[in-house]
Amino acid sequence: MRYGKTLRMAAAVLLASLGTQAMADVSCGLNNGQAATGAPIIVGGIYGDAAPGDWSSSTDSAAAYFRCVNANGGINGRPIDYRVENDQWNPEAAAQAAALLVNDTPTVAMVGNGSFIEMAVNANTYEQAGIMVMASACAISECFETPNIVSTNQGPLPSNLGAAQYAQEELGAQHIACIGLNIPDNGVWSCQAVQDFMRSRGGDATAVLINPGAPDVNSALLEAMASGADTILINQPAGIALAILSAAEEQDLRDQYDWIAPTPLYDLSVPAAVGEYWWGHIYVNAELAPLQVNGPDAQNWAAVLDQYGRADDPRDTFGQAGYLSARFFVQAMLQMDPAQLDDRAAVGAAIRGISGYTSDLMCGPYYVGDADFHMPNHAGYMVKIVEGGFEIVRDCYEYDSPYFAPHIALETALGLR
Amino acid sequence: MKRLFHVTPSGWAGFALAAFAIVVLPGLSSSYWLSVFTSAGCFLLAISGVAFLYARLGMVSLTQVGLMGVGGWVALRLNHAFDFPFEVNLALAALSTMVFGWVLALPALRMRGLYLALVTLMAAGGLEILFATFQFPNGGEGFWGVKTGSSDPFRRPFLAQSAEDYLRYVLICAVLGFLFIELHRRLQPGRAWALIRRSEAAAMAAGVNVTLYKTWAFGITGLLGGAAGALLAGSLGLLDDGTFRASESVMIFALAVVGGARSWQGALIAAILYKVLPALLNIWGVYADLSFVIFGAGLLHAVITAPDGLAGQALGGLKALLRGKDRRDA
Amino acid sequence: MALARYKNWLLWAVLMAVVIGWFGWGGRPQMVGLFVASGLAVGSLYALGGIGIVVLYRATGVLNFAGGAAGAAGAMTAWQLSEWGLWDPIGWLACLAVALAITLVYGRLIAPRLAWRETVVKAVATLGFALIVLGLVSFLWIDDPRAITLPTDGIGVRILGMRITATRLIVFAASILIVFGIWLFLARTRVGLQMRALANDRDLAALMGIPILRVETIAWGISGVLAGFTGLMFADLIRLEPTVITFMVIPSIAAAICGRLENLTVVLLGGLSMGVIENMLTLSPVLRGVRPIAPFVIAALVLLYYQRGQRLTFGGRD
């Protein structure tokens with residue numbers, strides 16, 4: 001989530017100082033420094049930017065990466081024409097965006113999608129049109145349980161499971177109150193998984209579902225307290241999560257509960273936004289490698305954004321996920337027969353054939369496969385909010401839940417285990 | 001009898017425009033514009049309901065989009081629970097929304113205009129909460145019919161499976177809606193409404209059952225709103241609670257006034273402003289927020305200077321032009 | 001006659017007590033106390049918004065949908081000024097000033113042209129103005145999560161087991177003081193008398209020599225300042241988001257309806273009751289999910305109750 005120009009500038013400076021070779025080497029596509037000049041390959045993307053939040057960082061990073069690729073030889077000499085549409089958090093606008101990009105334009109694939117709603121509205125459209133979507137900032141179940149959408153981010157279900165698992169194993173959690181949105185394919189879906197997980201480990205969990213439009217989060221907090229929980233899992237986008245934390249701070253509840261959260265609170269501006277009261281007390285699950293790991297891909301992402309991105313493109317994990325989707329897409333395209341690059345079905349088959357792509361940003365290998373479900377990213381890190389940033393408290397760990405059984409079976413079949 | 005089927009010049013213009021839209025427009029539109037026009041057509045039906053209620057009876061309903069949501073909910077639930085054809089779902093959705101509208105409005109119909117508006121506003125707020133809490137059916141079990149995971153398919157009308165045909169179907173429904181209202185106006189209810197508008201005391205003195213006719217009118221509004229909601233469900237295949245907020249109900253009432261509540265041209269302008277203008281702004285890359293400013297300014301202008309809205313001004317200008325021409329020719 | 005007025009207040013108090021007893025029965029007193037206190041906090045926000053609406057309606061006959069939008073614009077201005085590094089109190093004053101200016105623009109330039117129209121039409125026109133203001137505010141400040149903090153957020157006291165910050169106490173106290181102050185103003189001052197005359201019959205008041213424009217300007221001015229204060233409180237206690245603050249006008253109207261758009265004390269009691277009832281419903285496993293609907297249901301029931309037995313025989317003016 002975006003938090004204001006000054007904080008983003010600070011984040012950019014921080015990243016620039018982390019990646020000492022930032023201005024020097026970027027590695028994109030063919031890496032031959034020649035501008036691509038052939039017939040453009042058209043790729044689409046849909047993001048959501050309207051109240052209550054701005055989810056454009058994934059498409060921004062993907063766009064920067066594609067610009068870098070176009071300056072470095074393109075896809076065998078052909079540039080990528082990346083067209084994005086805003087669904088404005090409105091299902092009709094999302095349907096119109098898909099109509100425009102999928103039915104009216106000869107796009108070969110969709111890359112970098114980041115939205116709360118468009119996957120639900122458009123999953124059938126994608127399936128009927130036979131187009132593959134390599135999404136990056138997904139928050140709903142359709143993203144992970146339909147045949148044509150695969151995401152580099154984890155989404156709420158694994159991220160919440162990871163947080164709950166850490167709390168149960170390290171913090172001694174017995175009863176977790178999962179404060180989620182009452183959207184069936186988001187809050188209900190992920191909190192249900194947490195309930196199943198805790199019960200399988202001898203504990204319990206209660207789902208406290210709130211209406212995203214409800215102005216007052218206080219009663220949700222009270223409901224969580226009334227459930228008898230010892231741990232509170234804030235399964236919310238950053239804006240609402242901050243409102244809950246400030247309501248909890250008002251009641252001085254910090255030491256009465258353990259506080260855990262999935263990925264949306266892993267954002268560079270959050271430690272300053274929560275304030276000194278909360279430093280050292282909130283544990284957050286990170287879907288991708290935290291910044292301090294600073295592997296080659298993380299540095300490349302920062303460098304690509306510096307050279308080919310815009311100054312106000314957000315530098316957050318959804319941006320990293322967008323960069324990854326774009327990178328894996330280009331990697332798959334470069335391995336294709338150049339004559340088939342304009343054929344949506346051939347590109348789709350190539351995407352489905354992706355298996356075993358790795359990155360230091362992801363804990364496990366990325367793969368797609370020919371299945372009705374796709375969740376390649378289901379292992380992550382656990383970090384703690386401290387002054388000035390985040391401290392890693394657990395390195396890459398796989399989330400342990402029966403939900404992943406079919407995914408593990410698929411990985412075994414693809415030879416990734 | 002002749003008067004019943006007499007078509008005014010405005011009526012001929014409407015038929016001509018409808019013919020053009022139904023026959024030619026779907027072929028000319030890209031997939032994006034098909035989606036936009038279908039949506040505009042559904043809201044056109046709903047707006048006609050709200051506009052007629054305000055123009056003919058002076059009653060303000062600030063919950064029409066909420067009623068669309070009710071119609072859409074019923075259509076979705078029936079579609080996923082049973083195997084009826086689309087037309088049956090459409091009819092049942094419209095009828096149940098009509099009854100729902102009555103339940104809301106009947107106690108309030110005796111109130112002064114402002115209080116009816118406020119009751120409908122409270123209803124809109126309440127419906128927004130209900131939709132957000134219980135969501136729309138997507139094929140799940142139980143009364144509410146909601147499941148996690150992707151939605152089950154929605155069966156479109158037998159004659160209108162493709163996007164082009166569905167646009168035609170929606171436009172035909174909108175035309176039928178207008179004709180339905182016009183039929184009422186030309187028969188007894190229309191005369192009763194005119195008398196009630198002029199003076200309820202006179203209507204009562206003349207033996208008109210005021211409550212009955214006001215209820216009838218509100219029922220028509222609910223009927224058209226419910227049908228519009230069912231058509232919208234068919235267009236997208238699923239519905240989301242974000243479409244049916246209280247602010248949207250208030251917005252389409254405002255636009256109905258801006259466009260001109262008295263005429264079909266006004267309802268058409270309102271539907272175009274509500275759906276087509278933002279889509280155009282999106283294509284041109286202009287901020288969607290500015291459409292709020294345009295709507296608001298239009299509303300103020302309409303309320304202050306043009307009680308018959310933009311359509312009224314345009315028609316008035318046209319008449320003046322023609323009158324001036326006749327005078328010169330004479 | 002005095003008894004009849006107090007009967008209304010008693011009705012609300014009894015309703016609150018019944019609901020608290022019903023849902024709180026068998027629960028831990030401390031937990032129940034927490035819900036009641038939280039409910040009073042939310043309810044006082046509804047009441048504050050409702051009071052602003054009723055004050056203006058009583059003076060000018062205009063149901064102002066744009067109060068929320070003016071407050072939102074003021075709150076965003078205050079946020080922007082503190083982002084630019086100015087001293088916080090300047091931002092708060094700017095909030096009040098911006099809301100006042102926006103409300104006066106409408107009150108002086110647009111409202112007089114509609115003075116002879118029906119109440120509903122006047123309300124619809126304020127709606128148009130609200131859309132304009134909301135559109136401009138959304139355009140000037142792109143969607144980003146923002147927050148406003150006031151120094152009183154850090155200080156708090158414990159009441160009924162719940163920690164109430166000074167900000168919430170200020171809202172509660174302010175709503176009571178404003179009700180009392182407006183009552184004094186209308187009942188005891190000359191301008192207040194003129195305002196009541198104006199509300200009663202505008203044409204007659206003009207004929208009697210009451211300076212219409214001056215009195216109306218004062219009414220709009222008071223309403224503008226209230227809108228600014230309310231907007232700032234909403235921004236601090238709920239969320240600093242223009243759309244959210246603008247459409248808080250709908251629950252505020254619900255509170256205003258409880259007072260039949262005229263009785264400020266009942267607006268206050270009604271708003272508080274709405275907040276308490278909404279929160280107490282959390283303890284009911286069946287109604288827990290739909291509890292935000294409580295203000296609307298209460299308002300609708302109040303409307304129907306007060307309009308029972310009305311036969312509209314001379315409809316036309318309204």
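Modeller: Buried means under 20% relative accessible area, exposed over 50%, and partly exposed in between (1.4 Å probe, protein chains only). This is a predicted model: local features need pLDDT of at least 70, side-chain atom pairs count only at pLDDT 80 or more, and totals for chains, interfaces and linings use all residues. Residues are numbered from 1 along each chain as its sequence is written, and side-chain values use heavy atoms, with hydrogens and water left out.

Biologist: How many disulfides are there over all chains?

Modeller: A disulfide is a pair of cysteine sulfur atoms within 2.5 Å. The whole structure was searched, and the disulfides found number four.

Biologist: Which cysteine is joined to Cys28(A)?

Modeller: The S to S distance is 1.8 Å. Both cysteines of this pair are buried. The partner of Cys28(A) is Cys68(A).

Biologist: Is the link of Cys363(A) and Cys396(A) right-handed or left-handed?

Modeller: Their sulfur atoms are 2.0 Å apart. The angle about the S-S bond is -90 degrees. That makes the link left-handed.

Biologist: Is Cys396(A) buried, partly exposed or exposed?

Modeller: Its disulfide partner is Cys363(A), which has a relative accessible area of 25% and is partly exposed. Cys396(A) has 39% relative accessibility. Cys396(A) therefore counts as partly exposed.

Biologist: How far from Cys42(B) is the nearest cysteine sulfur?

Modeller: Cys42(B) is in no disulfide. Cys42(B) is buried, with a relative accessible area of 0%. The nearest cysteine sulfur belongs to Cys173(B), at 8.7 Å.

Key:
Chains lettered and ligands numbered in written order.
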